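Let us walk through this model together, going from the pieces of one chain to the places where chains meet.

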Amino acid sequence: MKRYIIKRLLLIFLTLFGLITVVFLISRVAPGDPARLAAGPDATEEMVEVMRKEFGLDRPLIVQYLSYFKGLASGNLGRSIRTRHNVIDDLVQFFPATFELTVFSLLLAVVLAIPLGVLCAVYRDRFLDHAARVFSVSGMALPMFWLALMLQLFLALKFDFLPLGGRLGLLTEPPTKITHLYLVDSLLTGNWAVFKDALRHILLPAFVLCFPALASIIRVNRAEMLEVLSRDFIVSARAHGISKIRTIGQYALKNALIPTMTMIGLRYGWMLGGTILVETVFDWPGIGLYAVQSAVYSDFQPIIGVTLLIGINFMVANLIIDLIYGILDPRVRYE
Amino acid sequence: MRSKKWCLMFVADIGVIFLLSGMSQTLEIRDGKKILVYGARQPAPNIDPSQYYDWSTRMLQQSLYDALLKYVDSPPKVIPWLATNWEASPDAKVWTFHLVKNAKFHNGDPLTAEAVKFSFERTLKIKKGPAWMLLDVLTPEGIKVVDDYTIQFTLNQPYAPFETVLPWWYIMNPKVVMAHEKDGDMGQEWMKDGDAGSGPFKKKRWEHGVLYELEAVADYWRGWENPNHIDGYIFKLIREASSQRIAIQKGECDIVEGISPEDFDLVAKMPGIYVSNDPGLTTFGIKMNNQKGYTKDINIRKAICYAFDYDSLIKIYNGNAILEDSPFPIGLKGHISLKDKIYRQDLQKAKEYMEKAGYPNGGFELEYVYVQGLEEERKMGLVLIDNLGKLGIKVKMVPLTWPNMVARGSKVDTSPDMIAIFATPVFNDPDVVAYQYHKNSWGKYYGTAHYNNPEVWKLTEQARVIADFDERMKYYEQIQNMILEDAPEVFGMQYNRRWAFRDYVKGFVFCPMRFTGEIDMYPIYIQK
Amino acid sequence: MKQKSIPMYAEHANTSGFWTQWKEEHESFFRDVRLSFYLFSRSPLSLIGMVLVGAFFLIALIGPWIVPYPEDATGAVHMSQKLTAPGSQFWFGTDEMGRDVFTRVILGTRVSLKIGLIIICAAMGIGVPLGITAGYVGGWVNETIMRITDIFLAIPGLILALAIIGALGPGITNSMIALSLVWWPGYVRLVQGKTLSLKEESFIEAALSVGAGRARIIFLHILPNCTSPIIVKASMDMGMSILAAAGLGFIGVGAQPPAPEWGAMISIARNYLPNWWWYALFPGLAIFVTVLGFNLLGDGFRDILDPQSRGYYRE
């Protein structure tokens, strides 16, 4: 097990190294002149030169590349030309918002999808099952950004039901920063009003973000349940007079959850990708929005930073899921 | 029966959502203070007056800092601010300013000539932000403290527009700035988010990417004119134009900028909202590459000028724009109207010029480069496709990010055939626009046409060193005529500056010298 | 798993009975096809998918001849009729430049079809050869290819695509390049896995033992046996790539005006919500219906061609 983890971690490092190289090379293809942007529209050539030096853009590519790794070792990811802050500071500031959104959305998906998946399996080929199939197939086909706009149109604009965007109301002071997750912080500090406000703000974006995930989790859960339900021990459990609900809840679901977990872990990474669209629509101040704005400005250090951060998240989540899988299912052996 | 349990779960979910709805937000008054919310689309990541400016940044700078002089009103005029009065030598080389005696910084330090000297030196040395305005004419050695409340600038060369630049050079507290110096950076790192000013507002809450909150300085040295002045304001980032509109409509914001022309018209009709509508100085033009490709030929350029449907520019702004009638913006000091000579749509003439150029049926393609995501520029490109199609010219629309666009425009060889440029004169003097056609402006965003007329350049150089304005005017009249004749660009329009206000927001003073969304918050007050 | 029978000794056949014999030899194949059609026609969702995709191709083909204002998709503007509500003259209303939204939505099928086909072909063009090479050659070649693949799979595609476009600049071509670059690793994984398992099969060993060359084995034995999963994946990916390209268009880095791309249309239309709702509604519906069609079709294909994975969704 230990060896397995070390091997996986090594692989993660190797992959990250490759990822940085790929993105770094891509970024230097860009024809633009970031220094000019930083210097402002009216800057003279001399002023642009000052900026170029400051951002280290006057050095040869290979030196920039090596110094990026050197900086990385000390937690320095370079500076954003657009925000003029260190990328690492920006990430620290924006990531909690994305993390909160993604995790909340994942929880929402689980809460909605697992019962539905179970029901579909239990009432196989009945109306609910068909309805859920149609729903999940169309869930994958709905453009997330469009769904977001339509929900905004109806829930926020027409009926004034939920706020349009943002993380908190304008005048709501954010809770004391402990975890930087507003929902958690406001609960920890017992700030009920802020909690409600944060919850109202997160519902729409989280729902949109989990929509495609819902589809796949329902399907996997349903298939696994069907598999388990046909096994001997379930049949014998029923034969021994254990109630159906108990059989399903206690025996079948537990076994079916293992593969579902894998799917959920995978989904975490995909959701991080989806934040690009969802955060853009809902003006959610996270790293997805940060990445989009940086891309539009040809501001590359932040893009590399976001790519790295999401890559790490993605891979570590997969590793954790694999490990949990092993704990839940003793048949799995790590090599 | 058995599914009831599951169903209950869903009902519970939906119930939570219902419970949460129906809350509404009240703004304006918090703890008895009048806090105004300004909805803006552009963040202000660096508020150091020596390092950077754009409209959002400068709006905050104007609140936090004071300058020697200040721009107010429309047409714009320069009024005394930190300086009570000033005199210039007859050759416009030596300028002496007398300061007010009661000005003090936010930490209580008095604002003296020493601070003025420090601030100017800092900007000149750092060479960022507004430095370009004076880099050619002023060196740190030319700044002299005469006494605590008198400062003298000796310029390298006569420069008549000097006083029109000064409102953008804010005065910083040397003690605060230098206390945060790190590795000889003159406090640059700290000043990005720092406050070393003396202005009517001071920094309160700074959440990058979300909002900036400022609070009024109760004992501001200049005092407050209206007892109902705001006690602070929140500069709230709302990136989507449609969200901006909703925010003003619902009263979540008290002032918003940058919503679409259609939406402005819409909210103007709503109760409780008024929309300001004032002619701006920002010009829109389509600069053509004067030295390369098809547009090198003046006949092609003129054909394009005659083919363009100028009225559609007005339509894009729903009537809230005026067409330019000279290379200089209407309303700028030194502008003259060339109504009879300016290009207007005339397909007959356009075709004649195409014939003259040797392309009676067109048959070539031109690039139109514009800034990614700028709605109006995109629309104008669509108009261009339609119009030039009639001359047999195909138009390819190329959206670029701002830095990529400027990078392409910086060299004759890569500068696109046509490029959409909004340009705002930074100070109120004809020189600022005339100089955009000078060789020294080649490669800057407003110099992408690479306009080539040494005669115009010579006149521009001569005009800027003359002290007497009437004398200078003769030059500028000639310059405007000559540039128009050369048709280096499609002279477009000037759109009106518009903001939507809740009706209790009073005291707004429009000044076209400020940038697109920038409002001076000092005179604003609330009256319900 | 179906394997094509190998007519190794078919040359000895009597020419007069060729047809009958050929039929006999391929009996299992025909049975498969018949079964597939039967299964397919039994699944209403797959049929719906088939109809939607068929309609999509048809509309893409004849679009320019059935729309009322074809010039509206190529750059004409009519400022005087901007933002007209849907009605008899403009079925889906007009946009901010007075162009007919119906025309642009219909002609948008061509743009999307082009995007989808190019991305999938490019992704297959890179992914399939690499996958076969990795799986067949094995050893360090396999290691190298799979590690590089892992790099691209280590991060959600949209993020990487955004990074690539950030460098190349916005535009429809660049977004197709970017999406192709993030799409191929899926095919490498798929084909490599398949090749690995096929390599162990006895019919490959048989072919090897009678002296079949490497190229022959790859092209005649391995590739044909990879087609079913590739077809399933491609038809699913067709929808997904259209969706991704629309997403990029929505962010503003994808297709550029005046091209009538659905995502880009929505991106502009959102500024006109909620009062001019039709502008955002119809392009979104078009994306939904198209992607739904391809997903259902792919789902149907999988049920038939790749029965083991029935019930799972592509990931």
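On the side of domain 1 of chain A that touches domain 2 of chain A, helix H1 (2-27) and helix H4 (61-73) of chain A each supply at least two residues. Helices (H or I, at least four residues) and strands (E, at least two) are DSSP runs, numbered from the N terminus. H1(A) provides the largest share of that side of domain 1, 12 residues. By class, the residues there divide into 12 nonpolar, 2 polar and 2 charged. Here Ala, Val, Leu, Ile, Met, Phe, Trp, Tyr, Cys and Pro count as nonpolar, Asp, Glu, Lys and Arg as charged, and the others, Gly among them, as polar.

A word on the ground rules: this is a predicted model, where local features need pLDDT of at least 70, side-chain atom pairs count only at pLDDT 80 or more, and totals for chains, interfaces and linings use all residues. Residues are numbered from 1 along each chain as its sequence is written, chains are lettered from A and ligands numbered from 1 in the order in which they are written, and side-chain values use heavy atoms, with hydrogens and water left out.

Now step back to see the two domains whole. Chain A is divided into domain 1 (2-73) and domain 2 (87-328), with bounds that come from an automatic or database domain assignment. Their C-alpha centres lie 32 Å apart. Contact, meaning heavy atoms within 4.5 Å, joins 16 residues of domain 1 of chain A to 15 residues of domain 2 of chain A. The two domains bury about 1500 Å² between them, 82% of it on carbon and sulfur atoms; buried area is the accessible area (1.4 Å probe) that two parts lose on being put together, summed over both. In domain 1 of chain A, the residues that lose the most area to domain 2 are A:Arg8, A:Ile12 and A:Tyr68, together 30% of what that side buries. A:Arg8 also takes part in a salt bridge with A:Asp322 (2.7 Å, N to O). A salt bridge is a side-chain nitrogen of Lys or Arg within 4 Å of a carboxyl oxygen of Asp or Glu.

Next, how does chain A meet chain B? There, 59 residues of chain A are in contact with 61 residues of chain B, and the area buried between these chains is about 5300 Å², of which carbon and sulfur atoms give 64%. The interface has 3 salt bridges. In one salt bridge between these chains, B:Arg239 pairs with A:Asp283, the closest N and O atoms being 2.5 Å apart. B:Lys127 forms a salt bridge with A:Glu46 at 2.6 Å. This pair crosses from the loop between helix H3 (113-126) and strand E7 (143-147) of chain B to helix H3 of chain A. Chain A and chain B also have 5 residue pairs in polar contact. Several helices of chain A each supply at least two residues to the side that touches chain B, among them H2 (34-39) and H9 (192-229). H5(A) gives the most, with 8 residues. That side of chain A has 33 nonpolar, 11 polar and 15 charged residues.

Chain C is the other partner to look at. The contact takes 47 residues from chain C and 54 residues from chain A, and about 4400 Å² is buried, of which carbon and sulfur atoms give 79%. The interface has 1 salt bridge, and the side chains of C:Asp299 and A:Arg219 meet in a salt bridge (3.4 Å, N to O). H11(C) gives the most to the side of chain C that touches chain A, with 12 residues. The residues of that side divide into 35 nonpolar, 6 polar and 6 charged.

Terms used: Polar contact = N/O pair within 3.5 Å; in protein donor to acceptor, adjacent residues only side chain to side chain.
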